[in-house]
Amino acid sequence: MPGRIRNETVERVREATDIGDLVGSYVALKRSGRNMKGLCPFHDEKTPSFSVMPDRGRYHCFGCGERGNVFDFVMALDHLTFPEAVEMLADKAGIPIEREEGGEPRREGSSKQDLYRLNRWAAEFFRRRLASPQGETCRAYLARRGLDAASQEEFGLGYAPASWDALVTAAARKGIGEKLLLEAGLAKPRENRAGCYDAFRDRLIFPIRDALDRIIGFGGRSLDGSEPKYLNSPETPVFSKRRSLYGLDRLRGLRPEVPLLVMEGYTDVIMSVQASGALAVATLGTALTEEHARLLARYSERIILVYDGDAAGRKAAERGAELFTAADLELEISLLPGGQDPCDFFAERGTAGLAELLDRSSDSYAFVLGEVRERHDLADIAGKVRAADELLALARAAANPVKRVLLLERIAKDLGLGRTILEERLADLGGPRPAGPGEPRPSPVPAPRRAAEPEVEEVEAPRSRAARRAEKQVLEAILNGAGGVHPWATRLVAEDFSAGPSRRIFGLLARRFASQESCVADAVLSDCEDEQDRRVLNQLVDDEDRGEILARQLEGAVDFLVRERGLRELAGLKRAGVTHDNFAAVVDRLKAAKSGGAAAENETKGAPPARRPDRTERVRTEDEPSPAAEFAEPEEAWELGEEPGWSGEGGDDDLDYF
Ligand SMILES: [Zn+2]
């Protein structure tokens, strides 16, 4: 795994990238005072509400709310991860990437760049051979499959000549070393003597590109019937079949509502594009992986597997259904009729074929149900039992417990079996047993965290709207430099913030504060790879110079969060059975228990037994602000959910994420 890109590099790239030029290369922009305006690339609009602020290095759409800096722009439009976005812009700006490695900065080895350059050269070599007299049989094959000249050009198809050393010799003339050719998988070492020979011979060549449009490897189809029919580049430092998809480079700017077809072959992708205008990608001779599923989900909300309708295709589609269910992602499946492969199907039916496939697609569960029905006779007891087990395998795979319960409901309905019995069987199969109506549900209000426990995922009660507003105001003030000298870092802890982005962002700020790094948004955004967190961070950036208001809000918001923490602790004590009357006794007992075992037993007399004694352990942490003072308050003040007098200024009711 490559190390994390150093913050300094990220900052350099951000500073070197002009947001006006960057956005302007995608969208027509007009000057408007200090800013620039244009039609938003993220939503459909007729009058421009998309604003670029060159002096801040940011953009903001007042129509759909998309906002961010140069990295967020290419992440959103080109579906890149944060590190990919940095790499892309670093490349444009000519800035070398430096990565963290065991704390030591290291220049990225030149080998990756060399491999990209070599691959680009090789692709051009193959492309020229396809156009040359040598490429005649290959051109005839393409004509037979119906792949036209425009498609050949668009996908950069080529031909590897029927020779042992055409590429190797040409490379030698260019001064390209054998070592690099071997590393790229373009050549293989000779067995009995020095030198190497071409890895691809007499094959139609498909260059494979990554999301940044770099050539990472090649696929070669044999033309003379020799095996293997398809030969792919081996795994190299720039090529991983588990993580790469053919056709990915053509999806830049794809809107998430556009369906994305997933197929198995290079020609399938090219023909579907040529004949129907569909957007499509293909795996590279491997089964779909979880990495593929996550990658695909970045591009489209509607992923459709389009496989051959033969036994192998059906089996692969079932595996895909399970994989996506396990990754908690949606998948549709649309198999081709009558043993056709996607290439021939699209060549024959064009756009009508695409419409038919979209129309006929079914969700993962419906597809697996159809397959199970084909395999087993549901009127027969043994058949039904096997059908139930196979469908339960899908429910078992579900990462999301809600999804699992919904799947169980559908299985129960489709097989005419009770849900309880299916749950029992699921447990027999070793699956996670979902919480049913008869079982105790997790309490909506969590127990206070016990100090001795390591961090565990707890279901937390949602915080009040006022609390979320206070969280937002605190983060906003700090991120926009309005925090100044305020001692927020000493008064607040991460648990004062709602679990999720809000708490993670506070954690990031506290860490940066502790190591005396800047806590302003630009710097923090260079330190944050998580897309959800970036989204929230961008919402908190003050694009309207509200600095003074933010500074004024900070104090009250911090007070409020500290007070909320106290109230949560009190509520925890109350649930544990502590009352005004027995409080002192419980504290004594716990102190005694801490200082020595048996003696404590005798001292518990005064205190009624707590229902869950372990929960009262919270009391013993003496270095925490004692909630005792709050006990003087009347009973009503114990109740949570009631909002005290504080409310944020500015009437900011649009809490977005918060
Ligand atoms: Zn917009």
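**Pro-228 and its loop**

I started with Pro-228, which lies in the loop between β12 (215-222) and β13 (230-232). I'm working from a predicted model here. I looked up the peptide bond from Glu-227 to Pro-228 and found it cis, with omega near -10°.

β12 and β13 run antiparallel and are joined by three bridges. Gly-219 stands opposite Asn-232 of β13.

**The other side of β12**

I then turned to β11 (residues 203-209). Seven bridges tie β11 to β12, and this pair is antiparallel. Arg-209 has Ile-215 in β12 as its bridge partner. The hairpin of β11 and β12 has five residues between the strands.

How many residues of β12 are buried? I got six of the eight, so β12 is largely enclosed by the rest of the structure.

**The five-stranded sheet**

I moved on to an open sheet made of five strands, in the order β1-β2-β3-β4-β5, with antiparallel pairing. Which strands sit at the edges? They are β1 (29-32) and β5 (67-69), and each pairs on one side only. I noted a twist that averages 25° from one strand to the next.

Inside this sheet I picked out strand β2 (residues 35-38) and strand β3 (residues 50-53). They run antiparallel and three bridges join them. Gly-38 stands opposite Phe-50 in β3.

I also asked what packs on the sheet. Helix α3 (residues 70-78) does, touching β4 (58-61) and β5. The direction of α3 makes about 120° with that of β5.

**Two positive phi values**

I looked at His-79, found in the loop between α3 and α4 (82-93). His-79 is not a glycine, yet its phi is positive, about 60°. Is His-79 buried or exposed? I read it as buried, because 22 C-beta neighbours lie inside 10 Å and the cut-off for buried is 20 or more.

Gln-516 was my next stop, in the loop between α20 (501-514) and α21 (521-525). Its phi is near 55°, again a positive value in a residue other than glycine. Gln-516 counts as exposed, because it has 7 C-beta neighbours inside 10 Å, and exposed means 12 or fewer.

**α12 against α14**

Last, I checked a helix pair. Helix α12 (residues 311-326) and helix α14 (residues 364-375) pack at an angle of about 140°, and their axes are 10 Å apart. That angle makes α12 oblique to α14, because roughly antiparallel would need an angle over 145 degrees. I logged the crossing of α12 and α14 as left-handed.

Which residues make the contact? From α12 I listed Arg-314, Ala-317, Glu-318, Ala-321, Phe-324 and Thr-325. From α14 I listed Ser-364, Phe-367, Val-368 and Glu-371. Sorted by class, the contact of α12 with α14 has five nonpolar, two polar and three charged residues.

Conventions. Residues are numbered from 1 along each chain as its sequence is written. This is a predicted model: local features need pLDDT of at least 70, side-chain atom pairs count only at pLDDT 80 or more; totals for chains, interfaces and linings use all residues. Two strands pair if DSSP finds at least two bridges between them. Helices (H or I, at least four residues) and strands (E, at least two) are DSSP runs, numbered from the N terminus. Axes are lines fitted to C-alpha atoms, for helices over the stretch in contact, and angles run from 0 to 180 degrees between N-to-C directions. Two residues are in contact if their C-beta atoms, placed from the backbone, lie within 7 Å. Angles under 35 degrees count as roughly parallel, over 145 as roughly antiparallel, 65 to 115 as roughly perpendicular and the rest as oblique. A crossing is left-handed if the near helix is turned anticlockwise from the far one by less than a right angle, and right-handed if clockwise. Ala, Val, Leu, Ile, Met, Phe, Trp, Tyr, Cys and Pro count as nonpolar, Asp, Glu, Lys and Arg as charged, and the others, Gly among them, as polar.
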